[in-house]
Amino acid sequence: MKTAVGVIIAISLAQLLQLDFYVSAGILTILCIQPTKKRSIRAALSRFVASLIAIIYTFIFFEGIAYHPVVAGIMILLFIPVLVSLRFADGFVSSSVIIFHIYSVGNLTGSLILNEILLMAIGFGTALLVNMYMPSIEKKLEDYRFQIEELYAKILNEMAVYLKEGDSSWDGRELMQTEEMLSKAKALAYQDVENHVTRLENKYYRYFDMREDQFEIIERILPKISTLPVLVKHAALIADFLTDLADHVHSGNTAYHYLDKLEGVKKEFSLLPLPTSHKEFQSMAALYQVIEELDTYLEIKQSYKGFTNKKTADA
């Protein structure tokens with residue numbers, strides 16, 4: 001819709017000003033409209049500079065040598081590396097429009113240069129104008145946030161069930177869903193960053209990045225829990241902690257509350273009877289590693305500022 005409106009505006013303005021090749025204003029607009037505001041601004045700048053360089057090249061080659069297809073080919077051959085080295089390669093197509101306007105006229109005059117600059121100003125300017133409107137994606141980001149929190153709660157609960165019962169019918173699909181959702185959420189959050197010209201970061205991007213770091217911890221914990229040789233009393237302590245943690249997964253930031261609770265779990269853990277068999281020793285060692293991983297999980301959350309949330313505890 002924005003592209004169509006932009007083309008109408010650009011061609012109408014160029015035609016109103018009675019510019020030669022006025023239809024090209026619409027082409028330049030199409031080339032400059034991008035998915036985000038920042039990308040649109042970068043595209044406009046890149047194409048404008050590339051087109052100015054193209055005008056200089058046409059003066060050197062067409063006016064200096066001849067208006068001939070072979071000269072045009074040689075000029076393009078030398079023009080592309082310059083754009084690449086200056087990092088304006090994405091402006092090649094739009095600058096080619098300008099080059100062949102001049103070639104078709106066969107005479108580079110001041111009025112033609114002005115005509116081309118006005119075409120660029122209208123085409124690129126219109127693209128920037130229509131691209132300033134970007135629909136809000138905050139609701140979708142919020143939906144991703146809540147869905148990810150629900151998935152985390154489910155995964156933590158299933159870990160607790162396994163530690164209590166030593167068995168579970170859980171198929172683990174939430175793991176794949178979480179990984180996929182985190183990827184989509186981060187991509188959308190980055191798009192939101194790109195749609196705010198003066199904003200360098202996004203609270204949602206930081207949030208999903210934090211959750212991704214926590215997910216790596218979860219992926220390390222799961223094998224330790226699922227391969228316990230035997231269930232020991234110590235497992236129930238961690239299971240209760242995980243259940244409590246699962247009930248308070250949200251975006252606030254009071255992870256210190258659970259770090260204190262985890263310290264209590266460590267103390268209780270140390271007071272329980274020592275292992276009487278090699279398998280019990282292996283289980284206790286694995287569970288202690290789980291505690292250390294949970295400590296890292298909570299520290300990651302503690303370093304995150306958090307969203308404003310009515311709840312009072314989180315994980």
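**Charges on show and charges in pairs**

Visitor: Why does E219 count as partly exposed?
Guide: E219 has 39% relative accessibility. Buried means under 20% relative accessible area, exposed means over 50%, and partly exposed is what lies in between (1.4 Å probe, protein chains only). Since 39% falls in between, E219 counts as partly exposed. The areas themselves come from the Shrake-Rupley method with a 1.4 Å probe, and for residues only the protein chains shown count as cover.

Visitor: What should I know about the model itself?
Guide: It's a predicted model: local features need pLDDT of at least 70, side-chain atom pairs count only at pLDDT 80 or more, and totals for chains, interfaces and linings use all residues. Residues are numbered from 1 along each chain as its sequence is written, and side-chain values use heavy atoms, leaving out hydrogens and water.

Visitor: Which residues gather in a patch of negative charge on the surface?
Guide: That's E179, D213, E216 and E219. Asp and Glu count as negative, Lys and Arg as positive, while His and the chain ends are not counted. A patch takes residues with over 30% relative accessible area and no salt bridge, joining like charges within 9 Å and nonpolar side chains (Val, Leu, Ile, Met, Phe, Trp, Tyr) within 5 Å. Each charge is placed at NZ of Lys, CZ of Arg, CG of Asp or CD of Glu.

Visitor: Where does the largest share of the negative patch come from?
Guide: From helix α9, residues 203–226, which supplies three residues; E219 is found in that helix. Helices are DSSP runs (H or I, at least four residues), as are strands (E, at least two), numbered from the N terminus.

Visitor: How do you know that E142 and R145 meet in a salt bridge?
Guide: A salt bridge needs a side-chain nitrogen of Lys or Arg within 4 Å of a carboxyl oxygen of Asp or Glu. Here N to O is 2.8 Å, so the pair qualifies. Both lie in helix α7 (residues 138–165), about one turn apart. The structure holds 13 salt bridges.

Visitor: What makes R145 buried?
Guide: Its relative accessible area is 5%, under the 20% limit, so R145 is buried. E142 counts as buried too, at 19%.

Visitor: Why does the pair of E292 and K266 tie together parts 26 residues apart in sequence?
Guide: E292 forms a salt bridge with K266, with the closest N and O atoms 3.8 Å apart. E292 lies in helix α12 (residues 278–302) and K266 in helix α11, so the pair ties those parts together.
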